[in-house]
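Hi there,

Here is the structure I promised to pass on to you. Have a look at it first, and then read my notes below.

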Amino acid sequence: MRLKTSLLKESKHKELVSCVGWTTADELYSCSEDHQILKWNLLTSETSLIVKLPEEIYPTDLHWFPKTVGVKKQAQAEIFVLTSTDGKFHLTSKMGRIEKSVEAHKGAVLAGRWNYDGTALITAGEDGQIKIWSKSGMLRSTLASQGSPVYSVAWGPDSDRILYTSGRQLVIKPLQPSAKIIQWKAHDGVILKVDWNSVNDLILSGGEDCKYKVWDSFGHLLHCSLSHDYPVTSLSWAPDGEVFAVGSFNTLRLCDKTGWSYALEKPNTGSVFSLAWSADGTQVAGACGNGHVIFAHVVEQHWEWKNFVITLTKRRTMQVRNVLNDAVDLLEFRDRVIKASLAYGHLVVATSLQCYVYNSRNWNTPLIFDLKEGTVSLILQAEKHFLLVDGAGLYTFSYEGRLISSPKFPGMRADILNAQSVSLSNDTIAIRDKSDEKVILLFDALTGKPLGDGKPLTHKEVLEIALDQCGPSTDRKIALIDKNRDLYLTTVRHLGREPKICKIGSMVHSMAWNDAANILCGIQDNQLTVWYYPSVVFTDKELLPKTLYIKDGSEFRRAPQVLNYIGTKVTLRQGDGSLVYSSVLPFPALLHEYSISARWEDALRLCCYAKDQSLWACLAGMAMANRELTTAEMAYAAIGELPRVQYINFLREQPSKESLLAHMLLFSGQVQEAEAAFLQAGLIYQAIQVNIDLYNWERALELAVKHKTHVDTVLAYREKFLQKFGRKETNKRFLQYSEGVEVDWEKIQAKIEMELSKERERAANTSVRSSVASRR
């Protein structure tokens, strides 16, 4: 990825340009110390004078009133705020008429920013004050006052916090008076510029120490650049938060959100005082010290999938290269490309007006349909359909171009969704709720309606979510990384029960599901970890550590990120931006395939051939999940799990299917479900015995009293338990029932034997009836 810059031979402004701002993706306003406001039309390459400002107004900052989320393209922002050195800010119309001038600060007003919904304006001044104003320019409050000038200010993602500069320090101040202020030393020189992205919640800062830095919203340093030759005078996040631009003297740099540099340009601009991205994130404009306005387009983006490499060579042209036979195809588009995604044999390209869907088997005839909203911010793909996210909402389309669904939820802000907060599978859409990061909203991909009873999934503060891609919808799993960097797995459809959320890893920084099997990989404590069969945690959680493949992180540099996991290849991006590929054995994916198609003999042969303990452990878990006891017994024996082999033999001796099912649930640790299965089948004694075996004495007594049977059995086992430890009964309920019940072990044993013989008899009768029915 790089920037393709363009500069006019002669500058249109006669003095330095102080600020720029986009009205649409093809129209820009620029302000200069020559008092002119110019309009730049990129479609016609025309520049026109909007207005010549009064001589006393020297502009310092410009910010357009935000376009309301979800409105049609023709309804554009009609006013902008212009700050100036005379201590005023001016609310100015699109035609250049100053609607209102407000005395705001003593000395220059150095920055003015609207919040994301346009309900408030913040200004920062040379007098060290930060003030909040209403949309109409009425003073609401003075948020802060300090002894040094505030050179730059930015709103937090939810417009409830302010980030501003204070000499060499950065300050995050919440709007609520009682909330805690975060302040830290950020640079060794005066900080000149800050920006805070609403999608990734990351902060940028640059200053006179000639460095730019990336921070999280708690003030933790994520990246510090090398020292430049000159102070960093401007920086700006792209709207989607994936990249940012940095400006300095005769320098323009494009960087990834983690801080490393994609491209460095050295245009003849003087200092770049202001940078602004277009709403679609395809181009950035800079206000230059020598009177120029520089335009830079993002080109040479790359997408890879299996044997295809696709490159955006120009704004409207892509090159498709098949690395197997070196065949090259050129894809031409009517409008500039905004977003693209390549996966599952399809390329989806969103331009400013249309969406193109290509099949990798035929690059000549794309399917084309029009887009309602021009600025697509995210494309996610699954095997059967894809998801488009724009300013107005989320839309699921088939690869034939048919709109399938459009999920909606209260307080939806589609413009701040990214690949970490949205996940798509063939049947499910998962969205992390930005207003409450403990909530994950789950929707049916085919209808757009909430799943099940509409109750969302809740957990600790979630950072990243990912749905698995294979298998039936009833077994759909979601992996999530929380604020503590712990990795959890849970089912998406849980049929009215509370979802079982199981921890499967810690210190996990990024993750990805395999495209062809439910295998998960992630960076765990700087090592590449592959969970061959993560669902084993629901069947036999003690097997989980035996199903892992861990690759030492010595070959990876600082903070690698998993980009994708396709086939047997994991693609990682290192801290310096370089790509690293790591291969995973093909056997686990093959084992998943055999398990899904119930080819257990082939699965056993594969494990015998591979001679890998982790494969045997996966097979044991898969076989138990599918109640394939013979295969499970052989797999457990191969990894030396003799107690489990004995338990499987015990399962075989169960007289009825109901009893077998309940004991299988017990094996998986699902005690309540096992008890419910016994009770539903009328096996009251077995339900009581389960609780006795697990020392759930009160529950065992409760069941015995409720069903008026085996009260003496519970009391007998309780008495035996207490005698073993030399203790006396203190529980009031047990003391109450033991007064009128005599414990006779011979009678109890006879009663138990009668219960078991009844169950065997019932099972035999059921078997006879089913065999007679099958003969008919």
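**Salt bridges**

D427 and R476 join their side chains in a salt bridge, 2.7 Å from N to O. D427 sits in the loop between β41 (422-424) and β42 (428-432) and R476 in the loop between β45 (462-467) and β46 (477-482), so the pair ties together parts that are 49 residues apart in sequence. Both of these residues are buried. A salt bridge here is a side-chain nitrogen of Lys or Arg within 4 Å of a carboxyl oxygen of Asp or Glu. Buried means under 20% relative accessible area, exposed means over 50%, and partly exposed is in between (1.4 Å probe, protein chains only). Helices (H or I, at least four residues) and strands (E, at least two) are DSSP runs, numbered from the N terminus.

Before going on, please keep in mind that this is a predicted model: local features need pLDDT of at least 70 and side-chain atom pairs count only at pLDDT 80 or more, while totals for chains, interfaces and linings use all residues. Residues are numbered from 1 along each chain as its sequence is written, and side-chain values use heavy atoms, with hydrogens and water left out.

The structure holds 31 salt bridges. One of them pairs D26 with R336, at 3.0 Å from N to O. D26 lies in the loop between β2 (17-24) and β3 (27-32) and R336 in the loop between β32 (327-332) and β33 (337-343), so this pair ties together parts that are 310 residues apart in sequence. D26 counts as buried because its relative accessibility is 18%, and R336 is buried too, with a relative accessible area of 7%.

R432 also forms a salt bridge, with E437, and their closest N and O atoms are 3.8 Å apart. R432 counts as buried at 10% relative accessibility, whereas E437 counts as partly exposed at 23%. There is also a network: D540, E542, K546, E641 and R644 are joined into one by salt bridges that share partners.

**Surface patches**

Which residues form a positive surface patch? They are K4, K314, R315 and R316. K314 belongs to strand β30 (residues 308-314) and is exposed, with a relative accessible area of 52%. A nonpolar patch is made by L563, L579 and Y581, which together have about 260 Å² of accessible area. L579 is placed in strand β55 (residues 579-583) and is partly exposed, at a relative accessible area of 35%.

For reference, patches are made of residues with over 30% relative accessible area and no salt bridge; like charges are joined within 9 Å, and nonpolar side chains (Val, Leu, Ile, Met, Phe, Trp, Tyr) within 5 Å.

**A helix and some positive phi values**

Helix α11 (residues 711-724) has 14 residues, which at 1.5 Å a residue should span 20 Å; its end C-alpha atoms are 20 Å apart, so the two agree. The expected span is 1.5 Å times one less than the number of residues. Among the buried residues of α11 are V711, L715, R718 and L722. Just after α11, G726 takes a positive phi of about 65°.

Y344 is in the loop between β33 and β34 (346-351). N526 is in the loop between β50 (520-524) and β51 (527-531), and counts as partly exposed at 35% relative accessibility.

Best wishes

Note on methods: Accessible areas come from the Shrake-Rupley method with a 1.4 Å probe; for residues, only the protein chains shown count as cover. Lys and Arg count as positive and Asp and Glu as negative; His and the chain ends are not counted. The place of a charge is taken as NZ of Lys, CZ of Arg, CG of Asp or CD of Glu.
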